Amino acid sequence: MAFRFAFISRLLLGGALLLPSPSVFGQISIKPESLTHYSYCVSNAKDRSSVFLLDRGTLFRCVDDTAVSYFNYLGRQKAPEKRVVEAEGVFIYRMIAGVGKCWNKIEDAYGNPMSVYGCDIFIEL
């Protein structure tokens, strides 16, 4: 009887540890317009074969008008934003809470001004 109780306790505790924390669910926006941008981005990535199977999940990369729209939506929602200088150029990132980011590449690697938009949505396994 004690063995069964210990086994069930470990099973329940182990199962509880596998669930995402409630704070993760609190960060992801489920507003209809947010879900619309999210689904358009995933569809755009699928249509353009910009879906990347990685070790720990799947990355969907949308571009063009879909990414511009999502980037601007995140700005209106006051999403966290960061300016980052990388080897490929200068980017402005706006975070998609819990799942990814959108960016505007504002300078190329040589410092020339430009404007290219994209969004990455990462879905963990």
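Which two residues form a disulfide with their sulfur atoms 2.0 Å apart? The pair is cysteine 102 and cysteine 119, where a disulfide is counted when two cysteine sulfur atoms lie within 2.5 Å.

## Basis of the description

The model is predicted, so local features need pLDDT of at least 70 and side-chain atom pairs count only at pLDDT 80 or more, whereas totals for chains, interfaces and linings use all residues. Residues are numbered from 1 along each chain as its sequence is written, and side-chain values use heavy atoms, with hydrogens and water left out.

## Overall fold

The protein chain contains 4 helices and 6 strands, which follow one another along the sequence in the pattern α-α-α-β-β-α-β-β-β-β. These elements are DSSP runs numbered from the N terminus, with helices being H or I runs of at least four residues and strands being E runs of at least two.

Of its 125 residues, 29% count as buried, a term for under 20% relative accessible area, with exposed meaning over 50% and partly exposed in between (1.4 Å probe, protein chains only). Among contacts (heavy atoms within 4.5 Å) with a separation of 6 or more, 40% are made by residues 24 or more positions apart.

## The nonpolar core

The largest nonpolar core has 17 residues; such a core is a set of buried Ala, Val, Leu, Ile, Met, Phe, Trp, Tyr and Cys residues joined through side-chain atoms within 4.5 Å. Those with the most contacts inside this core are Cys41, Tyr70, Leu74, Ile96, Cys102, Cys119 and Ile121. Two or more residues each come from helix H3 (32-47), strand S2 (57-63), helix H4 (64-76), strand S4 (89-96) and strand S6 (113-124), and H4 gives the most, with 5 residues.

Leaving aside residues up to four places away in sequence, isoleucine 96 touches Tyr70, Leu74, Lys101, Cys102, Asp120 and Ile121.

## The two disulfides

The structure holds 2 disulfides, and when the bonded cysteines are numbered in sequence order, the pairing is 1-2, 3-4. Cysteine 41 and cysteine 62 form a disulfide with their sulfur atoms 2.1 Å apart. This pair links distant parts of the chain, with cysteine 41 in helix H3 and cysteine 62 in strand S2, 21 residues apart. The link is left-handed, with -95 degrees about the S-S bond, and both cysteine 41 and cysteine 62 are buried.

The link of cysteine 102 and cysteine 119 is right-handed, with 105 degrees about the S-S bond. Cysteine 102 lies in strand S5 (residues 100-108) and cysteine 119 in strand S6, so this pair ties together parts that are 17 residues apart in sequence. Both cysteine 102 and cysteine 119 are buried.
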